[in-house]
Amino acid sequence: MSPRPQILVDTDQLDLASPRVVEPQRIAASRNGMVATAHFSASEVGKQILAEGGNAIDAAVASALALCVCEPHACGIGGQTMMLIHLADPRRTFALDGSSRAPNRATGDVVANRSQQLRGHTATTVPSTLAALDYACENYGTMKLSKLLQPAIRLAEDGYPVTALQNRLMKRESKHLKARAAGQFFLKDGTRTYPI
């Protein structure tokens, strides 16, 4: 029996409101490693790092950095990063805790004011993403962080396909993005959302 042709489906572009179930359901398997992220461009970055001889940590770090670009509503260098790591030799599984704290000068009255915690710099904790990814890279990876940053830089400079979810979120937040400096980075010409 000849193998079935491979059909690639960009799930980021699917309409999630559609009740249609694609049949047959499929699984994926590989002898050489796999990468799965929330955006196909970031998954492709991890796949490329594996193809270039990187290990799973290298692929995870590069994919996470790519997600900071193409999934800005859920991932970013201003956030926190936790990782579950499994090492084959020595056989060890552990969590890398990149949770963060409130800023040093966050007083009780600032924290108590809920309206200040919704947007802008007062809505964040001390970022840990870059520190956590750098630590994982230095201690468990095989490639330098500077190399693993390159695919994310390319995505930022060259662009990437916007997902349906990202388009909806940008529409929802466009007035807030336009009101602040973020509009020039996240909106086309700083005024309108990017199409799907």
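Modeller: Helices (H or I, at least four residues) and strands (E, at least two) are DSSP runs, numbered from the N terminus. This is a predicted model, in which local features need pLDDT of at least 70, side-chain atom pairs count only at pLDDT 80 or more, and totals for chains, interfaces and linings use all residues. Residues are numbered from 1 along each chain as its sequence is written, and side-chain values use heavy atoms, with hydrogens and water left out.

Biologist: Is the peptide bond from Asp 89 to Pro 90 cis or trans?

Modeller: Most peptide bonds are trans. Pro 90 is placed in the loop between β1 (83-87) and β2 (92-96). With omega near 0°, the bond from Asp 89 to Pro 90 is cis.

Biologist: How are α2 and α4 oriented to each other?

Modeller: The axes of α2 (residues 56-70) and α4 (residues 129-140) come within 9 Å and cross at roughly 160°. These axes are lines fitted to C-alpha atoms, for helices over the stretch in contact, and angles run from 0 to 180 degrees between N-to-C directions. Angles under 35 degrees count as roughly parallel, over 145 as roughly antiparallel, 65 to 115 as roughly perpendicular and the rest as oblique. The two helices, α2 and α4, are therefore roughly antiparallel.
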